[in-house]
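Here is a short briefing on one protein model. Look at the sequence and the 3D view, then work through the points below.

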Amino acid sequence: MSIFEKVDVVKEANIYFDGKVTSRVVMFADGSKKTLGIMMPGDYEFGTDDNELMEIQAGEMEVLLPGASEWQTFAKGSSFEVPKDSSFKLKVKEVTDYCCSYY
């Protein structure tokens with residue numbers, strides 16, 4: 001889905017790592033939410049409160065998923081899932097546009 005219709009958008013941005021990662025929350029009528037964001041090149045670690053599906057819209061990153069010992073590369077058109085109550089590491093290679101769904 002490239003266009004979200006009939007949604008609410010939280011005006012205030014989520015800003016992480018001194019502004020190198022930013023996102024906006026999109027809320028749907030059924031109570032679900034997604035974030036749309038941009039990551040600048042760098043190394044990051046995030047924790048999860050919910051299960052997450054990360055879809056890469058543009059750019060490229062290497063990801064170390066929970067319990068994994070090897071990094072995986074994800075680029076435009078790919079996605080990965082992260083379980084709730086865990087953490088994952090990212091090595092963002094170039095400016096990356098992403099959509100994260102929570103479930």
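A search of this whole structure, which is a predicted model, finds 7 aromatic pairs. One of them joins Tyr16 and Phe46. The points below begin with these rings and then turn to strands, surface, charges and backbone.

**Aromatic rings**

- Two numbers describe a pair of aromatic rings: the distance of the centres and the angle of the planes.
- For Tyr16 and Phe46, the centres are 5.8 Å apart and the planes stand at 85°.
- That makes the pair edge-to-face, because planes over 60 degrees apart count as edge-to-face.
- The pair links distant parts of the chain. Tyr16 sits in strand E2 (residues 14-16), Phe46 sits in strand E5, and they are 30 residues apart.
- Is Phe46 buried or exposed? Phe46 counts as buried, at 16% relative accessibility, because the cut-off for buried is under 20%.
- Tyr16 is partly exposed, with a relative accessible area of 35%.
- Both rings belong to one aromatic cluster. Its members are Tyr16, Phe17, Tyr44, Phe46, Phe74, Phe80 and Phe88.

- Strands of a sheet pair through backbone hydrogen bonds, and the pairing can be parallel or antiparallel.
- Strand E7 covers residues 60-64 and pairs with E8 over 4 bridges. To find this pairing in the 3D view, look for Met61, which stands opposite Phe74 in E8.
- Phe74 is also one of the rings in the aromatic cluster.

**Strand E6 and its partners**

- Strand E6 (residues 52-58) pairs with strand E9 (residues 79-82). The sense is antiparallel, over 4 bridges.
- In this pairing, Leu53 stands opposite Glu81 in E9.
- E6 also pairs with E11 in the antiparallel sense, over 6 bridges.
- In that pairing, Ile56 stands opposite Tyr98 in E11.
- Ile56 lies in strand E6. Ile56 counts as buried, at 2% relative accessibility.
- How far apart in space are Ile56 and Gly31? The C-alpha atoms are 23 Å apart, and the two residues are 25 residues apart in sequence.

**Salt bridge**

- The structure holds 1 salt bridge. Its partners are Glu62 and Lys93, and their closest N and O atoms are 3.4 Å apart.
- Glu62 lies in strand E7, while Lys93 lies in the loop between E10 and E11. The pair therefore ties together parts that are 31 residues apart in sequence.
- Lys93 counts as partly exposed, at 44% relative accessibility.
- Gly59 and Lys93 are 34 residues apart in sequence, but their C-alpha atoms are 7.6 Å apart in space.
- Gly59 is found in the loop between E6 and E7. Gly59 is buried, with a relative accessible area of 13%.

**Nonpolar surface patch**

- Ile38, Met40 and Val95 form a nonpolar patch on the surface. Together they have about 220 Å² of accessible area.
- Where is Val95? Val95 has its place in the loop between strand E10 (87-92) and strand E11 (96-102).
- Val95 counts as partly exposed, at 42% relative accessibility.

**Positive phi angles**

- Most residues other than glycine have a negative phi.
- Lys6 has a positive phi, near 55°, and is not a glycine. Lys6 is found in the segment before strand E1 (7-9).
- Lys6 counts as exposed, at 80% relative accessibility.
- Asp85 also has a positive phi, of about 55°, although it is not a glycine. Asp85 lies in the loop between E9 and E10.
- Asp85 is exposed, with a relative accessible area of 61%.

Notes: Residues are numbered from 1 along each chain as its sequence is written. This is a predicted model: local features need pLDDT of at least 70, side-chain atom pairs count only at pLDDT 80 or more; totals for chains, interfaces and linings use all residues. Side-chain values use heavy atoms; hydrogens and water are left out. Two strands pair if DSSP finds at least two bridges between them. Helices (H or I, at least four residues) and strands (E, at least two) are DSSP runs, numbered from the N terminus. Patches are made of residues with over 30% relative accessible area and no salt bridge: like charges are joined within 9 Å, nonpolar side chains (Val, Leu, Ile, Met, Phe, Trp, Tyr) within 5 Å. Accessible areas come from the Shrake-Rupley method with a 1.4 Å probe; for residues, only the protein chains shown count as cover. A salt bridge is a side-chain nitrogen of Lys or Arg within 4 Å of a carboxyl oxygen of Asp or Glu. Buried means under 20% relative accessible area, exposed over 50%, partly exposed in between (1.4 Å probe, protein chains only). Rings of Phe, Tyr and Trp (its six-membered ring) pair if their centres lie within 6.5 Å; planes under 30 degrees apart count as stacked, over 60 as edge-to-face and the rest as tilted.
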